[in-house]
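Please read them beside the sequence and the structure.

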Amino acid sequence: MRQLDSTWHLRDYLGALSARLGLNRNNYKMPPGLYHMGSPGKDSPVFVTANYKLSVDHLRRGLGGMDSHILVLDTKGVNVWCAAGKGTFGTEELIKRIKTEALESVVNHRTLILPQLGAPGMNPGEVKSGCGFSIQYGPVEAKDIPAYMENEQKATPAMRRKNFPLLERLAVSFTHFAQGFFPSIALALAFMLLNYLLIDSPQILQSIQISLAALFTGSLLAAALLPLLPGKAFSLKGFFIGLLIYPVVSLISGPILNFPEGLYPLGKAILLHCWIVYQVLNLTGSSTYTSLSGVKKEMSIAVPILALALLAGAACMITGGLIL
């Protein structure tokens, strides 16, 4: 019997921090299968989650030592919400895991409690016909499970609502900041090379400064201000916050309003603006503000525009460099 407890240990905190920073995130998972909390019996509830370790950790901490069974699905190390959208937290895997673990011999009842955010990947009718178990959806937040169980497994409206408060947005943004660090350094190196080829000066410090400023703006600052930024589309939000990079470039690399000399720093600003918008677009996978269909629609429009803007920025830099 594989046993879990509700206490987070040092390695759990370090693992969570590592995952938040995007370090070895794809491998932060645990073996799928049936686990147990406390001393569960045949009448104890069965909770289902993904094998992304942080998902399991939040569930076991939320259960607070409640005697229960935890069925961990093989979602390839992806969290419940994303795995439901990709299909790995889905009907087929659930039925397979129930049969593999012979769950019908472990418990007398035939009810599974799934996280609400996993609903898009499940077909309750097919699960029922495929293995005889019924699905019910617990609260959005694992911390609400004890209250949910005490309320005869009925969720209040507040338990059904997923908010995206500041601290959660910042936690997500740290992941994006870490993932964007090396691409930002690569962008800085590209600027140094272009500076050297076009104006015979690498401008090392300036290139690093503006690239990191764009990274900070597109990840941490954008996530913090997300509800306040104009528009519903993430590309539009990214466009508005990306405007902040123009005074930064003007201050560090030279004024962009002086024609024609300003074409060179203007080109840099446009390229950095595109980088900021791209980073904000990446927030769509972590936000409650949009849907999968909405993301696809926005990407089909925003990506071609970004490509044109990149060409415009490069043209400004080359033209400005030849003039200088």
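1. At roughly what angle do the axes of helix H12 and helix H13 cross? The model is predicted, with local features needing pLDDT of at least 70, side-chain atom pairs counted only at pLDDT 80 or more, and totals for chains, interfaces and linings using all residues. Residues are numbered from 1 along each chain as its sequence is written, and side-chain values use heavy atoms, with hydrogens and water left out.

2. The axes of H12 (residues 263-282) and H13 (residues 292-323) cross at roughly 160° and come within 7 Å; the two helices are therefore roughly antiparallel (an angle over 145 degrees). The crossing of H12 and H13 is left-handed.

3. H12 also pairs with H8, where the axes come within 12 Å and cross at roughly 165°, so that H8 and H12 are likewise roughly antiparallel. The crossing of H8 and H12, however, is right-handed.

4. Phe181, Phe182, Ile204, Ile208 and Leu212 make a nonpolar surface patch of about 440 Å², patches being made of residues with over 30% relative accessible area and no salt bridge, with nonpolar side chains joined within 5 Å. Helix H8 (166-199) and helix H9 (204-225) each supply at least two residues of this patch, and H9 gives the most, with three.

5. Isoleucine 208 lies in helix H9 and counts as partly exposed because its relative accessibility is 31%, where buried means under 20% relative accessible area, exposed over 50%, and partly exposed in between (1.4 Å probe, protein chains only).

Terms used: Patches are made of residues with over 30% relative accessible area and no salt bridge: like charges are joined within 9 Å, nonpolar side chains (Val, Leu, Ile, Met, Phe, Trp, Tyr) within 5 Å. Accessible areas come from the Shrake-Rupley method with a 1.4 Å probe; for residues, only the protein chains shown count as cover. A salt bridge is a side-chain nitrogen of Lys or Arg within 4 Å of a carboxyl oxygen of Asp or Glu. Helices (H or I, at least four residues) and strands (E, at least two) are DSSP runs, numbered from the N terminus. Axes are lines fitted to C-alpha atoms, for helices over the stretch in contact, and angles run from 0 to 180 degrees between N-to-C directions. Angles under 35 degrees count as roughly parallel, over 145 as roughly antiparallel, 65 to 115 as roughly perpendicular and the rest as oblique. A crossing is left-handed if the near helix is turned anticlockwise from the far one by less than a right angle, and right-handed if clockwise.
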